[in-house]
Each structure stands twice: as structure tokens, then as C-alpha cells.
Amino acid sequence: MFEQFSSGYYLGRLYVEPYDGDRAVIHREHHERVTEQLYESAREPLVMKIGSTHVAVHGADNVPGRTVALPESALSATGTDNPPMLREVLLAKADRARQLLEFDPDGPAGF
């Protein structure tokens, strides 16, 4: 789903679509698999950079595969004007994600 990109990020392509929840989510099984492979704990949110905005991403059961679902308030912040939209998404590596979460304990961008 993600490949090596830089010292701080992996690169992937996901569909970005609106979500009626209050936080950004991907399919729960994908979240668990990615966090187990790339992070130290499956309980941590993933931190993705979509456009110029960092977003804390959690797992949810009702999200299609290869999709990140964002609350309506986050879509415009990420530059996603016409969802669903296939976008390049940067996934912060574990160290970078921890830095971003320490800077903003509620999650980057508040989502």
C-alpha cells in the first residue's frame, strides 16, 4: 500500500472521500496491518500528509479499501475539492509521526 519515499515518509495512492464521523479513518484491517508493519503499536493513529495538511488517521470498519475518509471540515484543508479523488498520500514514518503527535496530542490538524 505504501512504498519508501524519503527519510520521514512513505508514499501511497489512496482515494480521499468525505466521512460523516469526527476523525479521519481508513479500513480497520488496513490500519492494523500498516501500524503493525511500520509503527510500534497498532493502537497509534497513522499520520498522513494529504496536500499540505497532516491528519491523524484511525481505523474503522465501514471504509472501503485503499480509501482514507475525512470529515467534511478536513476535505478543504487537504485540497480535496471534488471527492472521491485518487491522491498521493504521504504516510509519516513512526519517528516522524511521534514528533507530530507530540506537537499536537489531539492529532495533527485536529482530525
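D61 is exposed, at 56% relative accessible area (exposed means over 50%, buried under 20% and partly exposed in between, with a 1.4 Å probe and protein chains only). The model is predicted, so local features need pLDDT of at least 70 and side-chain atom pairs count only at pLDDT 80 or more, whereas totals for chains, interfaces and linings use all residues. Residues are numbered from 1 along each chain as its sequence is written, and side-chain values use heavy atoms, with hydrogens and water left out.

The side chain of D61 forms a salt bridge with that of R28, at 3.0 Å from N to O (a side-chain nitrogen of Lys or Arg within 4 Å of a carboxyl oxygen of Asp or Glu). Because R28 belongs to helix α1 and D61 to the loop between β5 (53-60) and β6 (67-71), this pair ties together parts 33 residues apart in sequence. Helices (H or I, at least four residues) and strands (E, at least two) are DSSP runs, numbered from the N terminus. R28 is partly exposed, at 33%.

Helix α1 (residues 28-38) also holds H30, which is buried at 17% relative accessibility. Beyond its neighbours within four places in sequence, H30 is in contact with M1, G65 and R66 (contact means heavy atoms within 4.5 Å).

The salt bridges number three. One of them joins R13 and E88 at 4.0 Å, N to O; R13 lies in strand β2 (residues 9-19) and E88 in strand β7 (residues 85-92), 75 residues apart. Another joins R98 and D95 at 2.6 Å, N to O; these residues are three apart in helix α3 (residues 94-103), and therefore about one helical turn separates them.
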